[in-house]
Amino acid sequence: MRGGSDPKRVMFFAIDVEGLIRPDHPLRPIKAMMDQALAKMDALFDQAYSDTGRPSVPPEMLLKALLLQALYSVRSERALVERIATDLLFRWFVDLDPAQDVFDHSSFTHNRARLAEHGLISAFFDGVVKRAMEAGLCSDDHFSVDGTLIQSHASLKGLRPIQTVRAEAQPPAAKDQDGDDSNSSGGTASGGGTSGQGRNPSVNFRGQKRTNQTHQSPVDPEARLCRKGAGQPALLCHSGHALMENRNGLILQVAVDEANGLSERQQALAMLDAHHDKHGVIPTTLGADKGYGAGSFLSDLVGRVVRPQVAMKDEPVKATGDDADRRRMMKRRMKTIGYAISQKKRKLIEEAFGWIKTVAGLRRTKLVGRWKLRMQMQLSAAAYNLVRMRNLAAA
């Protein structure tokens, strides 16, 4: 018999949201682990918020919503709030009653500075790492490190000569005194000829050399032109870095820095020191690719009582000195079984970067400001760790 729908609207419903979520739903163990991590941050939340004034959106709710954005590849915070408003699964995860109104998407913007000032997202990430270590999921002996490029939200069309960007940043009164009445949309100010009108005009940079020393993006001044390799286009990027343990591929530390040839080695040492300060662990070995093959970096690792397992270039070492000796030592070590195992396990960090950039949306960030990107990186790494920990517990 054909069924029919009842067009009459019912005013009140009795809904058990907990019962609507199936017992084996993959979000259940993630929510349980996140609730435990957030419960340990209660004192930190109290320090970040005043005892008087209008009640704010609970920080636990904001962090859970941002984690959902990473887990479900939600394109924007506005779309995230719309999803929470219509999806009972999302409401259940952020502990929002079905009858409650959803907070406005601008709540993320208004609270982002507070989250950074009091290190709430960093504390949450460290809590997830500590939980993994207490569960015996992390190795204390063998680590790997790597870096990746995160494309900036700014467009290459917006690149301007640095002098032009500085002039546009002056107050209006200063511009009037200098006699500069050009605006940011002019073809001459952009450093290349423009053709066509409208919101997105084309820009012709033919015959003009653009470098980080001569040009800058007014939208994202911290972004730098960088290419992945020979034959690849130069894009406005930031550099993301991660320190990983080799047993299960969990991320222990992350960092965001300027996209240049030195940040990988600098951040690798900084992440090792940060992990030691927070968790008291110094690894026995550290695996890395050829970008970390500088003799000074190898010497810094030996000074920290860490055995380098770094891939080296095929070219012979002709220099002399301590740094050159470290490189020759590493070339001899490349023939050992330990080096082969370390390099094989190092590939797990590529899987982490792949997940963070495709699922969590960090291939091209929508945020401007390295401090914002750093928090996004930490939250994405925490989401990746929680997914890995759930899968390891179920195995």
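The lining of the largest pocket divides into 13 nonpolar, 10 polar and 8 charged residues, where Ala, Val, Leu, Ile, Met, Phe, Trp, Tyr, Cys and Pro count as nonpolar, Asp, Glu, Lys and Arg as charged, and the others, Gly among them, as polar. The model is predicted, so that local features need pLDDT of at least 70 and side-chain atom pairs count only at pLDDT 80 or more, whereas totals for chains, interfaces and linings use all residues. Residues are numbered from 1 along each chain as its sequence is written, and side-chain values use heavy atoms, with hydrogens and water left out.

The volume of the largest pocket is about 650 Å³; a pocket is an open set of points on a 1 Å grid over the protein atoms alone, where a 1.4 Å probe fits, with protein on both sides within 12 Å along at least five of seven lines, and lining residues have an atom within 4 Å of a point. Among its 31 lining residues, Gln69, Glu77, Lys366, Leu367 and Gln376 are the closest to the centre.

Serine 107 is placed in helix α7, helices being DSSP runs (H or I, at least four residues) numbered from the N terminus.

Terms used:
Grid points are joined across faces, edges and corners, and a volume is the space filled by probe spheres set on the points. Helices (H or I, at least four residues) and strands (E, at least two) are DSSP runs, numbered from the N terminus.
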